[in-house]
Amino acid sequence: MLSEIDKLKEECGVFGIYDSEGAHDVAKMTYYGLYALQHRGQESAGIAVSDGDKIHYYKRMGLVPEIFDSEILDGLKGKIAVGHVMYSTQGTNYPVNAQPLVIKYRKGSIALAHNGNLVNADRLRSELEEEGIIFQTSVDSEVMANLISRFAKTSTVEKAIRKTMEIIKGAYALVMMTEDKLIGFRDPYGIRPLSIGKKVNSYILASETCAFDTVGADTIRDVQPGEIVVIDDQGIKSFMPEKDCNTALCIFEFIYFARTDSIMNGMSVYMSRKKAGRILAQEHPVDADLVIGVPDSGTTAAIGYAEQSGIKYGEGLIKNRYVGRTFIQPTQELREQGVDIKLNALKSMVEGKRIIMVDDSIVRGTTSGRIVDMLRRAGAKEIHMRISSPPVKYPCYFGIDTPERKHLIGAQRSVQEIEQLIGADSLAYISIEGLMETVDVRKCGYCKGCFNGIYPVEVATNLK
């Protein structure tokens, strides 16, 4: 069994391409696709390519451009590729945990890249270990890879995946390849995103549509919850589950995690965030001189707040573009150091002004306090903080980096207490009802577990 410190949840980006006509360099296409998805993971990256006979791969710790160069990419030749970027949200990430995972079995090999987190992975891992399976990593993906390869010994890969999906519980969006197929599938609730694109006669799978834009592909549609998509020389085939699925896409994708220019479930992430800012201004107005956003995920909501309130929008915080996302740093110390390196207050804009600062969320509260203090030192007269998501009161068990409830400031303190703790003149959050107005609930349902403690999948935990 793994110790608690060794268990990993991972929020990641996945990309896959099948080029039936050899028109594209699939390794380089995957490289650019992963570059577009770098915001989803900044600890490790990898690419695996099938030449029709063997699967070749390269993966390391670090950012995409640090890991791959022309020589490495030129050595990955084939017509199918899968890629992965990852950051670990619990425990310590090691090089061995980098993906795609490549596993050999009786009928050949599979390469698998996973985004999400299983809630029954520990039990399944223990059962497999009892049967003699030796695990090389601490990621849930290896549990799935072992189950699929086991079931595929006596059936098709498609049937093996369906049987695996009947056993595993939690959030997963995967791209996987054999020597001659590219496969994508999502959990029955569609908690994590996965979309289908096309460039000429090549089909592409990716966590977000921004990756399609980067490689010049057109978006076709989302992979449906519970759906298995198989791409080979015959084209694309869809295998839907026998039972209807109740969708529960993670609402935090719209609030923070997805790139602003992505489309999810046919909805613009940009327009959703902008609408959140407008609703936030309606629910919690305040008299001020300037609206600013905490870049980048708070910027769009700040624009919406300014438009609705009629208060001027401006840049009050300047971002160092060479620093990654502080929310997904693996330790609190790194997150706090990242804020000081990442942001700087623009004194000429904020000095002597009453500021409305819009951010996407407050999870632990420490970074918000540092930003407020930064604006105070720059001469801001008042700082009114507005948050475009409700208070985060419960952990996420499906891949987003929210810690135990005892570390969530929204679970432990009232809004007024948080306001005093971070040093703001006022603090207000959008309501859950207001948040749900920012997405089209007719198209799908959403997981709001981090706000209300109600999860689409039963989790064995104590929420107290």
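**Cysteines, rings and a buried strand**

Tutor: We begin with the cysteines of this predicted model: a search of the whole structure finds 0 disulfides.

Student: Which cysteine has the sulfur nearest to that of C396, given that C396 is in no disulfide?

Tutor: A disulfide would need the two sulfur atoms within 2.5 Å. For C396 the nearest cysteine sulfur is 5.8 Å away, and C396 is therefore in no disulfide. C396 is itself buried, with a relative accessible area of 9%. The cysteine that holds this nearest sulfur is C250.

Student: What is the relative accessible area of C444, and is C444 buried or exposed?

Tutor: C444 is likewise in no disulfide, the nearest cysteine sulfur, that of C250, being 11 Å away. Buried means a relative accessible area under 20%. C444 falls in the buried class, with a value of 5%.

Student: Turning to the aromatic rings, how many aromatic pairs are there, and which class does the pair of Y31 and F68 belong to?

Tutor: With ring centres required to lie within 6.5 Å, the count comes to 11 aromatic pairs. The centres of the Y31 and F68 rings are 6.3 Å apart and their planes stand at 85°, which is over the 60 degrees required, so this pair is edge-to-face.

Student: Where in the chain do Y31 and F68 lie, and how many residues apart are they?

Tutor: Y31 belongs to helix α1 (residues 26-36), whereas F68 sits in the loop between α2 (64-67) and α3 (70-74), and the pair thus links distant parts of the chain.

Student: Which class describes the ring pair of F252 and Y256?

Tutor: F252 and Y256 both lie in helix α8 (residues 252-257), 4 residues apart, about one turn of the helix, and both are buried. Their ring centres are 6.4 Å apart and their planes are at 55°, so the pair is tilted.

Student: How many residues of strand β21 are buried, and why is the strand described as largely enclosed?

Tutor: Strand β21 spans residues 382-387 and is largely enclosed by the rest of the structure because most of its residues are buried. Strand β20 (residues 354-359) pairs with β21 in the parallel sense over 6 bridges, and strand β22 (residues 426-429) pairs with β21 in the parallel sense over 4 bridges. The buried count for β21 is 5 of the 6 residues.

Student: Which residue of β21 does I356 stand opposite, and what handedness has the β-α-β unit that includes β20 and β21?

Tutor: I356 stands opposite H384 in β21, while M385 stands opposite L427 in β22. β20, helix α13 (residues 366-377) and β21 make up the β-α-β unit, whose handedness is right-handed.

Student: Which elements do the buried residues of α10 pack against?

Tutor: Helix α10 covers residues 299-309, and its buried residues include T299, A302 and Y305. The helix is followed by G310, whose phi is positive, near 80°. The buried residues of α10 pack against α9 (269-283), β17 (290-293), β20 and β21.

Terms used: Residues are numbered from 1 along each chain as its sequence is written. This is a predicted model: local features need pLDDT of at least 70, side-chain atom pairs count only at pLDDT 80 or more; totals for chains, interfaces and linings use all residues. Side-chain values use heavy atoms; hydrogens and water are left out. Buried means under 20% relative accessible area, exposed over 50%, partly exposed in between (1.4 Å probe, protein chains only). Helices (H or I, at least four residues) and strands (E, at least two) are DSSP runs, numbered from the N terminus. Two strands pair if DSSP finds at least two bridges between them. A crossover is right-handed if, with the strands pointing away from the viewer, the path from the first strand over the helix to the second runs clockwise. Rings of Phe, Tyr and Trp (its six-membered ring) pair if their centres lie within 6.5 Å; planes under 30 degrees apart count as stacked, over 60 as edge-to-face and the rest as tilted. Contact means heavy atoms within 4.5 Å.
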